[in-house]
Amino acid sequence: MMQPTREKLYEDANGEVLCDYLFDRTKISLHLNFNEGAWTPSKVRRYKHIFDGLLSDFKDKSYTEVYATPFENDVKAQKLIAMFGFKEFDRRRGFVLMKREV
């Protein structure tokens, strides 16, 4: 089985976006690491714009789905990820599994 390849897609003083390319490079798992104070309304708009650009790049490269796995007890992270169009589809081992189409 192929191991995921992790790549840093974005970084600024408030955090970073990492991704793992999964399942024969047709699906992607995103990792968002941001400081607590990074989520002002203006920064959310900025990150949404950046995220839309990442999705466009993923689509151009024929990726079909993007996954996120916030901790089950981190409701704030789940709500934030949902703001970017992710929907919950399962819960396992303390994680909420969320995905969206590219």
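This is a predicted model: local features need pLDDT of at least 70, side-chain atom pairs count only at pLDDT 80 or more; totals for chains, interfaces and linings use all residues.
How many aromatic pairs does the count come to?

1. The count comes to seven aromatic pairs.

2. One of the ring pairs is Tyr10 with Tyr47. Their centres are 6.2 Å apart and their planes stand at 75°, so the pair is edge-to-face; the angle exceeds the cut-off of 60 degrees for that class. Tyr10 belongs to strand 1 (residues 5-12) and Tyr47 to helix 1 (residues 41-60), so the contact ties together parts that are 37 residues apart in sequence. Both Tyr10 and Tyr47 are buried.

3. A further aromatic pair is formed by Phe51 and Phe86, with 5.9 Å from centre to centre and 45° between the planes, and this pair is tilted. Phe51 is in helix 1, while Phe86 is in the loop between helix 2 (75-83) and strand 5 (87-92), so parts 35 residues apart in sequence are tied together. Buried or exposed: which applies to Phe86? Phe86 counts as buried because its relative accessibility is 5%, and the cut-off for buried is under 20%. Phe51 is buried as well, at a relative accessible area of 6%.

4. Ring pairs also link Tyr21, Phe58 and Tyr63 into a cluster. Apart from neighbours within four places in sequence, Phe58 is in contact with Leu9, Ile28, Leu30, Tyr63, Val66 and Val102.

5. Val96 is placed in strand 6 and is buried, with a relative accessible area of 0%. Leaving out neighbours within four places in sequence, the residues in contact with Val96 are Ala68, Thr69, Pro70, Phe71, Glu72, Gln78, Glu88, Asp90 and Arg91. Met83 is 13 residues from Val96 along the chain, and the C-alpha atoms of the two are separated by 15 Å.

6. Turning to charged pairs, the count comes to ten salt bridges. Among them is the one between Arg6 and Asp20, whose closest N and O atoms are 2.8 Å apart. Arg6 lies in strand 1 and Asp20 in strand 2, so distant parts of the chain, 14 residues apart, are linked. Asp20 is buried, with a relative accessible area of 9%.

7. Glu65 takes part in a salt bridge with Lys27, at 4.0 Å from N to O. Since Glu65 is in strand 4 and Lys27 in strand 3, the pair ties together parts that are 38 residues apart in sequence. Glu65 counts as buried at 12% relative accessibility, whereas Lys27 counts as partly exposed at 21%.

8. Glu65 also forms a salt bridge with Lys99, where the closest N and O atoms are 3.6 Å apart. This pair links strand 4, which holds Glu65, to strand 6, which holds Lys99, across 34 residues. Lys99 is partly exposed, with a relative accessible area of 28%. What does the charged end of Lys99 sit over? It sits over the ring of Phe89, 5.2 Å from the ring centre.

9. Salt bridges with shared partners join Lys8, Glu11 and Glu16 into one network.

10. In helix 2, the residues Gln78, Leu80 and Ile81 are buried. They lie on the same side of helix 2 because they cover an arc of only 165° around the axis. Lys76 and Lys79, on the other side of helix 2, are exposed. The cover over the buried residues of helix 2 includes strand 3, strand 4, strand 5 and strand 6. Gln78 of helix 2 is also one of the residues in contact with Val96. Just after helix 2, Gly85 takes a positive phi of about 95°.

Key: Residues are numbered from 1 along each chain as its sequence is written. Side-chain values use heavy atoms; hydrogens and water are left out. Rings of Phe, Tyr and Trp (its six-membered ring) pair if their centres lie within 6.5 Å; planes under 30 degrees apart count as stacked, over 60 as edge-to-face and the rest as tilted. Helices (H or I, at least four residues) and strands (E, at least two) are DSSP runs, numbered from the N terminus. Buried means under 20% relative accessible area, exposed over 50%, partly exposed in between (1.4 Å probe, protein chains only). A charge sits over a ring if NZ of Lys or CZ of Arg is within 6 Å of the ring centre and within 35 degrees of the ring normal. Contact means heavy atoms within 4.5 Å. A salt bridge is a side-chain nitrogen of Lys or Arg within 4 Å of a carboxyl oxygen of Asp or Glu. The arc is that of the directions from the helix axis to the C-beta atoms.
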